[in-house]
Amino acid sequence: MTDAAIEVVDLRHSYGSVEALRGVSLSVPLGSFFALLGPNGAGKTTLVHALCTLLRPSSGHVGVAGHDVRTAPREVRRSLGLVFQEPSLDDRLTVFENLIFHGRLYQVPRRRRSARAWAALELVELTDWANATAATLSRGMKRRLEIGRAMLHEPSLLVLDEPTTGLDVQSRRRIWEYLARLQRDYGVTLLLTTHQIAEAEGADTVAIIDQGELQALDSPAALRQRMGRKLVSLRLTDEGLERRLAERFAERCWQRGGAIWIDADQPEALLHELLTDEASWTGVEGLELVDPSLEEVFVALTGRDLRDQAADPKERLHGAARAGVEHTR
Ligand code: ATP
């Protein structure tokens, strides 16, 4: 018996001459939140497709919930809930019908389908939209419905391939909340691929992948400690201030453990601004400077920027690595 939800050993896959995965090994503990962070083309989707039996890898072992993807694909599929990058709802059906249809596909017993569908709608706060045609939902609502749907057959593991790509900040936050609830209240294991730092910050373990190889595998805190500037961590009592900061820092601002985290270019200057501006200060309950961002770790390890693929990766790699060395001396 293994207590890993996912076990990957020396996984390799090539599309013709393109080596998409070059010997990846990782283990995702049951009930944990695992983020696979990497730029476009890193191999994330290939790994996810191998996990959910959509692709037969060239070599290596993949186990999901104790089942081998080669020998027990059906059991693997039953253990997994999937949310893909591309929309996959039937736009002609209602929200509720989409869920029932999925229940049928996954052989959820008929008498349980309806109750499960309502529970899924409650989870993603779409109960009032049950009878709306899926086509009428916003992009963010569709994604929420896909998350609810993925949980309908009660999988122990939810695999999400860049689920928040193209969504606005509010929709993204909501999705993170649902995922946090699934992990906390239902013990669901989460595997999420992303190229957004803020998303990986909330994970228990982050695997940084680039050009088909794992570059690092550790907790966000351990990875951040490797280098660079500090993050600003704030506890706020003023929702208006929280909103203003969220708008100002967008993807460089996230919530974790009841605090707002900001990856500012000049964290000391931001602290100074918050402390000296009375309108801001009254809404701040606590603030501190903490370890640096994963972005710095990522750039140093891969020589690339996750947001805008660096024009000159080597320059960035050396610059960031030098900064890290200097900092630790
Ligand atoms: P993205 O964020 O863009 O989805 P990714 O990290 O998921 O990127 P993959 O989609 O797994 O990366 O791609 C890994 C490599 O394999 C890339 O070089 C890509 O061009 C290549 N690749 C992916 N699918 C195919 C395919 N069907 N045929 C040929 N090459 C492919």
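**Close-up views of a predicted model**

**View 1. Strand β11 and its two antiparallel partners.** Strands β11 and β13 (residues 259-262) pair in the antiparallel sense over 3 bridges. Within this pairing, L234 has I260 of β13 as its bridge partner. Strand β14 (residues 284-290) also pairs with β11, again in the antiparallel sense, over 6 bridges. Here R235 is bridged to G286 of β14. Of the 6 residues of β11 (residues 231-236), 5 are buried, so this strand is largely enclosed by the rest of the structure. All of these features come from a predicted model.

**View 2. The open sheet of 6 strands.** The strand order is β6-β7-β8-β3-β9-β10, and the pairing is mixed. The edges are formed by β6 (80-83) and β10 (213-218); each has a single partner strand, so one side of each is left without a neighbour in the sheet. From one strand to the next, the twist averages 15°. Strands of a sheet pair through backbone hydrogen bonds, either parallel or antiparallel.

View 3. Strand β7 (residues 157-161) pairs with β6 in the parallel sense, over 4 bridges. Helix α5 lies across both β6 and β7 and runs at about 170° to β6.

View 4. Helix α1 (residues 44-51) lies across β3 (33-37), β6, β7, β8 (189-194) and β9 (205-210). The helix runs at about 150° to β8.

**View 5. Packing of helices α5 and α6.** The axes of α5 (residues 139-150) and α6 (residues 169-186) come within 10 Å and cross at roughly 10°. Angles under 35 degrees count as roughly parallel, and α5 and α6 are therefore roughly parallel to each other. The crossing of α5 past α6 is right-handed. On the α5 side, the contact is made by G140, R143, R144 and I147. On the α6 side, the contributing residues are S171, R174, I175, Y178, L179 and L182. By class, this contact of α5 with α6 has 5 nonpolar, 2 polar and 3 charged residues.

Conventions: Residues are numbered from 1 along each chain as its sequence is written. This is a predicted model: local features need pLDDT of at least 70, side-chain atom pairs count only at pLDDT 80 or more; totals for chains, interfaces and linings use all residues. Side-chain values use heavy atoms; hydrogens and water are left out. Axes are lines fitted to C-alpha atoms, for helices over the stretch in contact, and angles run from 0 to 180 degrees between N-to-C directions. Angles under 35 degrees count as roughly parallel, over 145 as roughly antiparallel, 65 to 115 as roughly perpendicular and the rest as oblique. A crossing is left-handed if the near helix is turned anticlockwise from the far one by less than a right angle, and right-handed if clockwise. Contact means heavy atoms within 4.5 Å. Ala, Val, Leu, Ile, Met, Phe, Trp, Tyr, Cys and Pro count as nonpolar, Asp, Glu, Lys and Arg as charged, and the others, Gly among them, as polar. Two strands pair if DSSP finds at least two bridges between them. Buried means under 20% relative accessible area, exposed over 50%, partly exposed in between (1.4 Å probe, protein chains only).
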